[in-house]
Amino acid sequence: MALIAVALVAILVALALIRDGGDESPPGRDPSQEQTAPAVPDARADVRLTKCSVDPSTRWPTAELRITNHSSKTSDYSVEVEFVGADGVRIAEGVAVASNLAPDQVANESALGVREASGKVVCRITDVMRYASP
């Protein structure tokens with residue numbers, strides 16, 4: 001099961017990089033506003049951003065997430081996050097995965113950006129995917 005989760009993360013990161021095509025946020029987007037584009041209706045409501053920070057040792061941005069399965073089935077989640085600097089430029093992207101969450105079960109997960117950041121960073125949830133667990 002861990003191998004499946006790792007493969008899912010690798011695929012999602014690759015898709016996010018291919019889909020992105022650049023490092024800049026679109027003009028006019030306020031970096032203090034969290035943007036979202038849920039893949040499944042109501043799946044976005046299952047995820048809450050609890051902390052956005054830069055790790056002092058690695059200087060990588062980190063988003064801490066609380067995922068609560070509000071569906072009626074045991075589910076797997078993939079949450080895509082982007083990290084944006086105070087100037088509105090995207091610094092990095094990250095993915096958090098939670099597997100086999102029973103209905104009403106909670107998981108605390110982290111998404112890491114693997115590029116150094118400095119100063120204030122804003123975390124934005126850009127996509128949430130929820131699938132019924134096999």
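How many bridges join strand 3 to strand 6, and which way do the two strands run? The close-ups below, all taken from a predicted model, start there.

**View 1. Strand 3 alongside strand 6.** Here's the answer: strand 3, covering residues 75–85, is joined to strand 6 by 11 bridges, and the pair runs antiparallel.

**View 2. The open sheet with order 4-3-6.** Three strands make up this open sheet, and their pairing is antiparallel. Strand 4 (90–101) and strand 6 (121–132) take the edges; each has a single partner strand, so one side of each has no neighbour in the sheet. Going from one strand to the next, the twist averages 15 degrees.

**View 3. Glu64 and its surroundings.** Glu64 belongs to strand 2, residues 61–68. With a relative accessible area of 31%, Glu64 counts as partly exposed, because that label covers values between the 20% and 50% cut-offs. Leaving aside residues up to four places away in sequence, Glu64 touches Arg48, Leu49, Thr50 and Lys51, plus Glu109 and Ser110. Ala96 is 32 residues from Glu64 in sequence, and their C-alpha atoms are 8.9 Å apart in space.

View 4. Trp60, Leu112 and Val114 together make a nonpolar surface patch of about 280 Å². Trp60 comes from the loop between strand 1 (47–54) and strand 2. Trp60 is partly exposed, with a relative accessible area of 31%.

Conventions: Residues numbered from 1 in each chain as written. Predicted model: local features only at pLDDT ≥ 70, side-chain atom pairs only at ≥ 80, totals over all residues. Heavy atoms only, no water. Pairing = 2+ DSSP bridges. Helix = DSSP H or I, 4+ residues; strand = E, 2+ residues; numbered from the N terminus. Axes fitted to C-alpha atoms, helices over the stretch in contact; angles between N-to-C directions. Buried < 20%, exposed > 50% of the residue type's maximum accessible area, 1.4 Å probe, protein only. Contact = heavy atoms within 4.5 Å. Patch = residues over 30% accessible without salt bridge, like charges linked within 9 Å, V, L, I, M, F, W, Y side chains within 5 Å. Areas by Shrake-Rupley, 256 points an atom, 1.4 Å probe, with all protein chains shown as cover. Salt bridge = Lys/Arg side-chain N within 4 Å of Asp/Glu carboxyl O.
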